[in-house]
Amino acid sequence: MNAIWEAVENAWNAILDLTAQLVTPDWGALIALLPVFVALGVAVFFAWILLRFATAGPVRRGPSRVDPPPPAGVHMPGPSLAPFMAAVGTFLTFFGLVVGGPALLLGIGALVLTLLYWGREAMRDYDHLERPETLPAVIVGEPPPGVHMPGPSFRPILASIALAVVFLGLVFGPALLVAGAIMLVVALVGWLLDAGHEYHAVAEADETGHLASRPAPRYPVGTLVTFAILLLVGTSLTVGVIPATNGDGTGGAPSGSTAPGGSAAPGGSAAPEASIPVADVTIIAQNIAFDVTEVTVPAGKPFTIAFVNNDAGVPHNVAIHSGSPAGPEVWQGEIFNGVETRVYQVPALEAGVYGFICTVHPNMAGTLTAE
Ligand SMILES: [Cu+2]
């Protein structure tokens, strides 16, 4: 009896092991195999295409292809190498854009030549076609029966404006990108609705036999105003008129511009004051000198020094020496070029009197008291 029971249990475990591989597969290994699956799919697709070709019946029954004659009054342009040449010219231009220098001139020259060739070919075609005076310069009134012309539309223009803003956003920042995306959605949805109306009108014309052209649209004043507001908001957010970014970037620029002209201490130090981060002590370096010669810090616990280097391109730092500026170094802050502000994290100091100096310029010195 026990033997039978054991056999049943073994069989059941085998079934469980088998199903476990299907229920909880090794996803990592499967994902690593994805390229193989894709390659298999591609191979199957090509095999299928090949099979279709092999089993397809003869398509060309005559000895050679017969060109269908175009209807009267319709002229088909002949075969032309011009598009291929223009493509080569465009490629050479882009190649020149990448490589630069004479290759760019060569590429632009090639493009212009190919386009001129195309234009000459088109002119020859036009001259050969019919004498200009017999051609109607402008189609007056309704198009010929059976031909439907889509009405005029502002949508393409609106979509191009939106697309331009999207590209600006890709260059300048997410705010403009979002504004551009909203504009694009507005323009494209409008376009889609127009196309829908057009389609329904054509379908209706199949019944009635008459299709009235859509009237010229009004100027899209509302949409344009919306676009303008979106652009304005997006630009404001990007430029920083509406504060969304931290003030460090904008604070650094004005202090940099005042530093060269600001020989007077108040004028020079007043500008960056607004952007100095909160710290236990603030020390400003300007004209290769510290603005203070005595600072007091809390003893027995870590503290911070906001160090403002207002000398453009000049390296400064703050280092703490025991006893006096000439004593052995206790701690050294990182040396960096101006104009920049950094907050030093200084480890706890025992109560006492220390000296602080700039490691690069030891004449910049002062007394630091920990208490
Ligand atoms: Cu210095």
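Strand β3 and strand β8 (residues 340-346) pair in the antiparallel sense over seven bridges. Strands are DSSP runs of E with at least two residues, helices are runs of H or I with at least four, and both are numbered from the N terminus. Two strands count as paired if DSSP finds at least two bridges between them. The model is predicted: local features need pLDDT of at least 70, side-chain atom pairs count only at pLDDT 80 or more, and totals for chains, interfaces and linings use all residues. Residues are numbered from 1 along each chain as its sequence is written, and side-chain values use heavy atoms, with hydrogens and water left out.

Phe303 has Val346 of β8 as its bridge partner. Strand β1 (residues 281-285) also pairs with β3, here in the parallel sense and over five bridges. Thr282 has Ala306 of β3 as its bridge partner. Together these strands make an open sheet of three, in the order β1-β3-β8, with mixed pairing. β1 and β8 stand at the edges, each with a single partner strand, so one side of each is left without a neighbour in the sheet. Neighbouring strands of this sheet are turned by 20 degrees against each other on average, direction ignored. Such angles run from 0 to 180 degrees between N-to-C directions, and the axes are lines fitted to C-alpha atoms, for helices over the stretch in contact.

Strand β3 (residues 303-309) is mostly covered, with seven of its seven residues buried. Buried means under 20% relative accessible area, exposed means over 50%, and partly exposed lies in between (1.4 Å probe, protein chains only). In a regular strand the side chains alternate between the two faces of the sheet. Phe303, Ile305, Phe307 and Asn309 point one way from β3. Thr304, Ala306 and Val308 point the other way. Both sets are buried.

Strand β5 (residues 319-322) takes part in two pairings. With strand β6 (residues 329-332) it pairs in the antiparallel sense over three bridges. The hairpin of β5 and β6 has six residues between the strands, and Gly323 takes a positive phi near 80 degrees there. Four bridges join β5 to β9, and these two strands run antiparallel. Ile320 has a bridge partner in each neighbour: Trp331 in β6 and Phe356 in β9.

A copper ion is coordinated by His316 (ND1), Cys358 (SG) and His361 (ND1), at 2.0 to 2.1 Å. Donors are N, O and S atoms within 2.8 Å of the metal (3.2 Å for Na, K and Ca); water is not among the atoms, so sites may look incomplete. The spacing of the donor residues in sequence is H-x41-C-x2-H. His316 lies in strand β4 (residues 315-316) and Cys358 in the loop between β9 (352-357) and β10 (365-370), so the pair ties together parts that are 42 residues apart in sequence. His316 and Cys358 are both buried.

The model contains three salt bridges. Each is a side-chain nitrogen of Lys or Arg within 4 Å of a carboxyl oxygen of Asp or Glu. Arg155 pairs with Asp194, the closest N and O atoms being 3.1 Å apart. This pair links distant parts of the chain: Arg155 is in helix α6 (residues 155-172) and Asp194 in helix α7 (residues 174-208), 39 residues apart. Arg155 is partly exposed at 23% relative accessibility, whereas Asp194 is buried at 19%.

Glu334, Glu340 and Arg342 are linked in a network of salt bridges. The closest N and O atoms are 3.4 Å apart for Arg342 and Glu334, and 2.9 Å apart for Arg342 and Glu340. Arg342 is partly exposed at 26% relative accessibility. Glu340 is partly exposed at 31%. Glu334 is exposed, with a relative accessible area of 54%.

A nonpolar patch on the surface is formed by Trp27, Leu30, Ile31, Leu33, Leu34, Val36, Phe37 and Leu40, with about 770 Å² of accessible area together. Patches are made of residues with over 30% relative accessible area and no salt bridge; like charges are joined within 9 Å, and nonpolar side chains (Val, Leu, Ile, Met, Phe, Trp, Tyr) within 5 Å. Accessible areas come from the Shrake-Rupley method with a 1.4 Å probe, and for residues only the protein chains shown count as cover. The elements giving two or more residues to the patch are α2 (27-32) and α3 (34-55). The largest share, four residues, comes from α3.
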